[in-house]
Amino acid sequence: MRKILILIVSLLVISLVAVACASQAPSPEKVVETVVVTVEVPAEQAPVQPQGYGTIANRVRERGKVVCGVHTELLGFGYLDENGRNIGFDVDLCRAVAAAMFGDPEAVELVPITAADRGPVLQTGEVDMVSRNMTWTSKRDAEWGNFTWITFYDGQGFLVHSDSGIKTLQDMDGASICVTTGTTTEKNLATTFADAGLSYEAVTFEETSAVYGAYEEGRCDVATSDKSQLAAVSAGFANPKDHVILDITISKEPLTPAVPSGDDQWFDIVKSVMWGLINAEEYGVTSSNIEEMKSSDNANIRTMLGEEGDWGYSVLGLEPDSLAKAVAAVGNYGELYNHYFGPNGIAFTLPRGLNSLWSEGGMIYAPPIK
Amino acid sequence: MNASNSPPTLAPPVAPGPLEWLRKNLFSNWFNAVLTLASLVFLYFTLVTILRWALFSADWQPVTYSPLLFLVGQYPRAQLWRPGLSLLIGTFLIGMSWGLWERYIKPFAIFFAILLTILAIFPLKTPTITLSIRAVFLASPVLIILGYRIGRLPAVKGKYVITMWLLAAIFITLVLLPGLGNIPALPKIATTSWGGLLITLLLAVGGITLSFPIGVLLALGRRSSLTVVKLFSIFFIETIRGVPLVTVLFMFSIILALFLPAGSRIDRIVRALLAMVFFSSAYTAENVRGGLQAVPPGQAEAAKALGLSNFQITTFIVLPQALRLVIPTIVGQFISLFKDTTLVVIVGINDLLGISNAVLNLKPQFVHLQMEVYLFVAVIFWIFSYFMSYTSRELEKSLGIGKR
Amino acid sequence: MTILSNTQASEKIPLWRDERILRIVAQIVSAVVVLAFLFWGVTNFLRITQQRGMPLTYNFLREPAGFPISEGFLTYDPTMSFGRAFLVGLINTLVVSGSGIVLASILGLIIGLARLSSNWLLSRIALAYIEFHRNIPLLVLMFLWYFGVFAKLPSVKESIAMPGPSYLSQRGLYITFPRLTETGSIFLIFSGIGVILAFAAFYILRHIRENTGRETHFGLTSLGLFLLLTIAGWFLSGGEPFWMDKPSMQGFNFQGGFRLSPEFTALLVSLTMYTAAFIAEVVRSGIQAVHRGQVEAARALGLRSPQVMSLIVLPQALRVIIPPLISQYLNLTKNSSLALTIGFQELFAISKITINQAGRAVPVFLMVMLTYLAISLLTSLVLNVYNRKVQFVER
C-alpha cells in the first residue's frame, strides 16, 4: 500500500507540472504580444526596407540552423538512406541554403511533414523553408507563402501495365486509376477526365507506397502522378518492362521550394542560393573544381565565388563566398541532379528533358549572379 | 476443482491418460467431434498458408536491410551510444523488476533477454549493424541477469525501483536522448530526427505517465461537489471520448499551430504527445470513476468521523482503494494507448509504423513489399502488448479483483 | 450530542474555515476561471482567424469540390460541392460503422461462446484469435488485410467466377442483384402496406384472442393479408417488378451488379474482426457473471444446452454486457476514421482532402469534430435508453 501511495503522490506532482506546461503552451498573451512586436527593422540596412525585413533570416542566424520541411518517403526527392540520414534532391537544396548561411551543410533541422502540413507550416512560420516536392500554383502562392525558384519541371503523367493496351487518354475510359490524395494530382485527374468526357474509378491513398503497391498488384489499370515519381517507382518494380509511362502530360508541375511570407531578405537568400547552383552549372563550376575556379579568367565566375565585387551578399547579410560554399557542399545543379537521377543516380535514372539548362534546350534558367 | 469438494470416501482422482483427456475435451459428443475436426482443418490451412508464404515467397530484404531504422529511425549514427545506453539502463531496470516482482515480469524479462541475444548473434549481412551495436545487444541480457540478482537482495524495495524507473525515464527522455546544448559530449539532437521504436516507446511511456494523473484529477473533478468543476470535467471527458483520436491529433498538430504566434514552435513530438495525453486521460478518468463509485461511501464517512480533511480522505482513503480496483482496466487502457501511438503516422511523425513507410521507399525494389514490413511491425507491437496484458492478468489474479 | 453541537454553534467559526463559505468561494473562483478561459479562447480564436486570413465562414461549402471520391452511397462527381462531398463522407462513415457493428456483434458473440466451449481446441483457437487481435494496432491489421489479402486476389481478367453469376477479383466482389423496374415501386409499395397490415392484424387479433379466448386465426389472417397485397402488387406492376442486374466485363472493369469494393470490404473486415475480439471478451465476462446455479437449475429442469444459453444465460448476461458493449460500438465508429490509409474515403478522409483543397482548416475541422461528437452522443443516447430498458425488465 505504501508503494502505491508514493507512486500516486509522485504522479500527482508530475501531473501538476504537466498541466502547467500544457496550459502554458497555447498562452493567450503570447499571441497578442508577438503579433504586435514583429515590427523590427535592422538598423544597418541602408535602403529603407519593408516591415518584417530580415525577421526570419535573423531568427535563422540566431538559431544557427535552417529548419526545413521535407519529405521522408519519396524516393529521389526526400527519403532516408539505410543509416537513417535524410537524403534526396529536395533535401540537398535545404543543405545548400544551410551551407550558404553557415558554411555547414549539416546546420539544418529537417522536419518530416505531410502533404497536408505544407500550407500550415508555411503560414505559421514553423519552418524556415519547405522543400518537399511542392507544386507552385497561384493559389498556394497567395495563401501559403513565397515560392522561390523552380528547381524541377515536372508534369503529371500516367503509368500503365504494358499488356493493358492503353495508349491514349481515350483508352482509359472506365479504368481504375490509383492516385495520391490531397495533392494537385487528384484534382488534375478529375478535371482532365471531366473535360474529355471520360469516366474512371479513382482509388485514392494517403501514402505513395500504397498507391504504387496497389497499382503493381493490379488493383488499378493506371497510376497517375508526377512523371519523375512514376519513373522512379516503375524502375523498382519486379518486372520494369511490364510497365509503360505514357507520352501524355496533363499538367504543369513546377516543383519549388517555398519560404513563409513576411521577410524579403530570407526570400532573396533562398532564391540566390538556387540561382547560384544553376549559374554554377552554366559556368562549369563543380564541387570538385571550385578552388581552381576561384582564380578563373571569367570575371562572372570570380564574382559568383566571392573573389571580387558584390553580387548582393552584403545586403542579404551573407558572406562573399556563400554561394561557393553552397556549391562545394551539394554540387552545382547538374551534379545534384545526376547524383540522384543521372545515368548512375543513386535513386533512379531519369533523362533531364525539361530540366536541362536553357543553353541545352531545357528550362533551367536563372538570373545572372552579378 | 470438483474433486476437492467431493466427500472423502471417494478415491483420489487419477490424472486422466491422454486418450481420456482427448475424449473428454475434444470428442465428448458428436457435435464436439465435428467442431474439433473443423477446427483442425481450419488450423492446418491457416498455418500452412502462412508458413509457406513466410518461408518461401516472402522477401524479407526490407526488414533485414537496415534494422536500425526500425529501432531508432533517423537518430544520428554517430550518437548511437545514447539510445544504446538507454537500452542498457532499461534492461538493468527490467532485470531488477524481475528480481522484485518475479511473478509479473519474469516471462517478459526472459523473453527480452533471449531476443536481444538472438539479435546480437544473428548473422545479418548488413553493414549497418556494427560490432559495437552487437556488443550492446549482447550486454543487455547480462545486465538483465545482473539486475535480477540485485533485485533479489532483501535491501531492495519496490519504492526504490519505482523511483529509479521514474528517474531513468526523466533522464533518458529529457537529458540523454535530446542532449544538452552546453555539454560537448551531448550535442543537441532535435526530436525531428528521432524515429522508429524510440518514438513509439517515448509516446507510449510519456502518454501513460502523464495521462494517468490527469485522468485521476478529471475523475475526481467529475465527482466534485463544485458544480463548475464537475461540469467542466464532464464536458472535457465526453467531448474527447466522442471524437476519434485522429481528430485530436490533427487538432494539436495543425490547428493548434495556426493559433500560435508566428515563428514560435512547439516540438512536433510534444504536440503529438499532448494529443495522446489529452485523449487517454479522458478514458482513464472514466475508468477511475468506475473505481471511485465502487468504494463504499462508509469509508469516506468513517474517515470524516476521524477528523480527516476532504483532501486527506480522497488521497489516503478513497483513491488507493479505487485505483486498486481499476488496475486491470487501466492497464487495458495503456495497452490501447500504446497501440494508438501508430496514428501519429497520419500527422507525419515517423514512429515505428511511419518509419516502415520510409523503409518501403528506401529503394525502388521495396515499394511493393508492404506485407512483409507491416507484418514485422505487427509482431513487434504484439510482443509488447502481449506482455503488458499478461502482467495485467497476473495483477488481476493476485489482487483477487475478478473473484468477488 | 446536543451539547456538543451547541458548543460548536456558539463558537464563531472564522470565515476562512467555514466550509459553507469556502464552498461558495471555490464555486465562484472556478466559475470565473472557466468563464475567463472560455472568453479568452473564443475571442482569441476569432481574432486570429481574422488576422491570418482564415475567415470562419462556411461559404466554401457551396464551391465545387473538384476532387474525386472513390466510392460512396450517394451520387457524387467532382463538379459537386464541398458540402456534398462532406455528406458523402458522413454517409460512408455511417454505413461502414453500422454494418461493422452488426457483424462484430455476431462474430464477437460466436467467439465469446467458442472461448467458453468445453471443446479444448475450439476454446484455444478462440483465445488465439482474441490475443492476436487485442495486441496489434488496428492500423497494422488494416494494412495486413488490405495489402496482404485483398490486393493479392486474382486480377480482374482472371476473376473467380461464382454462381449467381458473381465474380471475385482485386477489384472487389460483383454480385448479381435484383433491381426495381420502372413499375417495381408499385410492387414495393403494395408489399410494404401488406407487411404493415399483416403486423397490425396479427397484434390486434392476438390481443382479442388473449382477452376473450375467441379463436381469431390471427396467424393465417395476417399471412393471407400479406400475400394478397403482394400478389396484387405483382400483377399491377405488370408481373415484372424486378430485373436481375448481372455484372459483365466491359472494358477494364465489371459493370452492373452489386459491388463490394476491396477497400470497403477490407475496412469492414478489419474493423469487424478487431472489435469482435473485444466484444468476445465482453460476452465471456458477461456470461461468466451469470451465477452457475442458474445453469444448473435450468439443466435440472431438462432444458438442453442451446436452450439454457439462449433462454437463461444470455438474457441475464445482457445486463452486464451492454454497458461495455456500447463503448465498443462507439470505438468501432471512431476507428472507422482510419480508413483513409487503405483508400476508403469516409468523413475524416474527405475532410482532410477538403482542408487541403479548400484551405479552410479551422471551419472544416470544427465540422468534423462536431459531427463525430453528434454521432457518438446519439449512439450512446439510443443505446443507453435500450440499456435502461433491459436493466429494468430484469429486475
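**View 1. Helices α8 and α10 of chain C cross at roughly 155 degrees, their axes coming within 8 Å.** This is a predicted model, where local features need pLDDT of at least 70, side-chain atom pairs count only at pLDDT 80 or more, and totals for chains, interfaces and linings use all residues. Residues are numbered from 1 along each chain as its sequence is written, and chains are lettered from A and ligands numbered from 1 in the order in which they are written. The helices span residues 262-289 and 305-335; helices (H or I, at least four residues) and strands (E, at least two) are DSSP runs, numbered from the N terminus. Axes are lines fitted to C-alpha atoms, for helices over the stretch in contact, with angles from 0 to 180 degrees between N-to-C directions. α8(C) and α10(C) are therefore roughly antiparallel (over 145 degrees). Among the residues making the contact are C:F278 and C:I279 of α8(C), plus C:P324 and C:L325 of α10(C); contact here means C-beta atoms, placed from the backbone, within 7 Å. By class, this contact has 14 nonpolar, 5 polar and no charged residues (nonpolar: Ala, Val, Leu, Ile, Met, Phe, Trp, Tyr, Cys and Pro; charged: Asp, Glu, Lys and Arg; polar: the others, Gly among them).

**View 2. Chain C meets chain B with 38 residues from chain C and 40 from chain B.** On the chain C side, α2, α4, α5 and α12 are the elements giving two or more residues. α12(C) gives the most, with 9 residues. The chain C side splits into 26 nonpolar, 8 polar and 4 charged residues.

**View 3. Chain A divides into domain 1 (55-153 + 255-360) and domain 2 (156-251).** The bounds come from an automatic or database domain assignment. The C-alpha centres of the two domains lie 30 Å apart, and 12 residues of domain 1 are in contact with 9 of domain 2. The domain 1 side of that contact has 7 nonpolar, 4 polar and 1 charged residues.

**View 4. Chain A has an open, mixed sheet of 5 strands, in the order β11-β10-β12-β9-β13.** β11 and β13 stand at the edges with a single partner strand each, so one side of each is left without a neighbour in the sheet. Strands pair if DSSP finds at least two bridges between them; β10(A) and β11(A) pair in the parallel sense over 6 bridges. A:T180 has A:F205 of β11(A) as its bridge partner. The twist averages 25 degrees from one strand to the next.

**View 5. Helices α8 and α9 of chain A lie across strands of chain A.** α8(A) runs at about 160 degrees to β10(A), while α9(A) runs at about 125 degrees to β12(A).

Terms used. Angles under 35 degrees count as roughly parallel, over 145 as roughly antiparallel, 65 to 115 as roughly perpendicular and the rest as oblique. Two residues are in contact if their C-beta atoms, placed from the backbone, lie within 7 Å.
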